[in-house]
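I'll jot down what I look up as I go.

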Amino acid sequence: MLKALTRMVVAAAFVISAGSSLAADSFITVASTTSTANSGLFDDVLPLFQKKTGIEVRVVAVGTGQALKLARNGDADVLFVHHKPSEEAFVADGFGIERFDVMYNDFVIVGPMADPAGVAGMREAAAALEKVAGAQAPFASRGDDSGTHKKELGLWKTAGVDVTAQSGTWYRETGSGMGATLNTGIGMDAYILTDRGTWLSFKNRGDHKVLVEGDPVLFNQYGVILVNPEKHPHVKAELGQKFIDWVISAEGQKAIGAFKINGEQLFTPNASKGGA
Amino acid sequence: MTDFGAAFAAAFRLVVTLDANLVEIVLLSLRVSLGAVAIATLIGMPLGAIVALFRFPGRTGAVVVLNALMGLPPVVVGLIVYLLLSRAGPLGVLGLLFTPTAMVIAQVILVTPIIAALTRQVIDDLWGEYAEQLRSLGAGPAQALPTLLWDGRFTLLIAVLAGFGRASAEVGAVMIVGGNIDHVTRVMTTAIALEVSKGDLALALGLGLILIALSLGINGTAYVLKGAAQWRSV
């Protein structure tokens, strides 16, 4: 028995120590959104940065709401999300140093080919949602306090539809990430607001297609913020700043613009050097 | 349902080509889950045996709680461990969040009650059988504890395997405390969740098939080893 126990202790110690020895010396943790990570942008761009600087970037991809919370708790060095009002509040509250514009993509409304609400080809997003509500056609919402969810709620407000009263009827909140919501929404022939990047790289599209696009209000601006080391002294401010400097530099911006899926550019770089 | 065919094809392709990413993810999964099970065994088995052998006030309550904790929801355990390990939490200074160690900690919490509860039942039964005999040899519960654990080792294997099953299959806890970071904390279950969220259902199911095969392999190995050891000890 004792021998068996000793063997197990040794095995356990080995397992744990093997875990820590794998970690690279210089890395930063970036709290970002599923829409950015799922599109494949980071897989494409981050190796360039690591090659140049030797800094490994570890991305934790969650909804914007959770990413903000992680950064507030000091569990990330850099915040890379897409909801400007929340980001500005994050900086104003002293949790972030400064916010920089990085790039934008756009949201689109996808829906079933049959299009029961008849919104195909419409340009004005809020008007399209009003028609969806009028037809009581199923609509799948993220319902997870993410940037996409916040954008969607803003559009409903413009459309003058009170969706909270409809939750559970034709308006269905999945409370999960973009991909999971697309899977669910496609399964129930629902309309869905999604960012174009996730949609283009998404594989399980069923007979859904993009029905509404091009409204300027559907612009989706991404920002990057260094977490304030005064709030959280362990934040790797120097390495994090290097990452931010690179992302908004000509080289980083070029890499973002060069990322394509099926020949389509997903993100348009628009950093204005010297601050947003 | 062409997805099923595509899933088998995806699994086959990944295994045959020994896809480097897959190997990395499988090894990390094994390291985290086997590590957690090893630690949980060290804690859970003596704990279960003590509850089985000793009479103390509140023992019935302890048994019920132990049994109930087998059903700890992984996502809740993940959340608790996150709050403890977060930089804003009490253990934040350790900087363990988003590391394999954090994942091991969460799984130890999930697996220990399973091993302890099953061990308690096994030892309880054995004690019922041998109590008189052991007492006549002058052995009380304290002396009987190691004997019974050793005697019941083949039956107790099922407790360890049940624990491993829980650890290797759960996604809720490791997703929150690990963060599913590529090349750092991505394991089989979080990789499957990621592929589902990308809508690549075939690849997700393919990874699932590999995970099931892996579990089958480990249980098969345990069965063969147990058989060999039992044969030797006869």
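This is a predicted model: local features need pLDDT of at least 70, side-chain atom pairs count only at pLDDT 80 or more; totals for chains, interfaces and linings use all residues.

**A helix pair in chain B**

I looked up the numbers behind that. Helix α5 of chain B covers residues 100-136, helix α7 of chain B covers residues 153-169, and they pack at an angle of about 155 degrees.

Next, who touches whom? On the α5(B) side I noted residues including Leu110(B), Ile114(B), Leu118(B) and Val122(B). Across from them, α7(B) brings in, among others, Leu156(B), Ala159(B), Gly163(B) and Arg166(B). Sorted by class, this contact has 12 nonpolar, four polar and one charged residues.

**Two domains in chain A**

Then I moved to chain A. Its domain assignment gives domain 1 as 2-105 + 221-269 and domain 2 as 106-218. I looked up the distance between their centres, taken over C-alpha atoms, and got 28 Å.

How many residues are in contact between the two? I found 18 from domain 1 of chain A and 16 from domain 2 of chain A. On the domain 1 side, α2 (34-38) and α4 (64-72) of chain A each supply at least two residues. α2(A) gives the most to that side, with three. By class, the domain 1 side has four nonpolar, 13 polar and one charged residues.

Methods:
Residues are numbered from 1 along each chain as its sequence is written. Chains are lettered from A and ligands numbered from 1 in the order in which they are written. Axes are lines fitted to C-alpha atoms, for helices over the stretch in contact, and angles run from 0 to 180 degrees between N-to-C directions. Helices (H or I, at least four residues) and strands (E, at least two) are DSSP runs, numbered from the N terminus. Two residues are in contact if their C-beta atoms, placed from the backbone, lie within 7 Å. Ala, Val, Leu, Ile, Met, Phe, Trp, Tyr, Cys and Pro count as nonpolar, Asp, Glu, Lys and Arg as charged, and the others, Gly among them, as polar. Domain bounds come from an automatic or database domain assignment.
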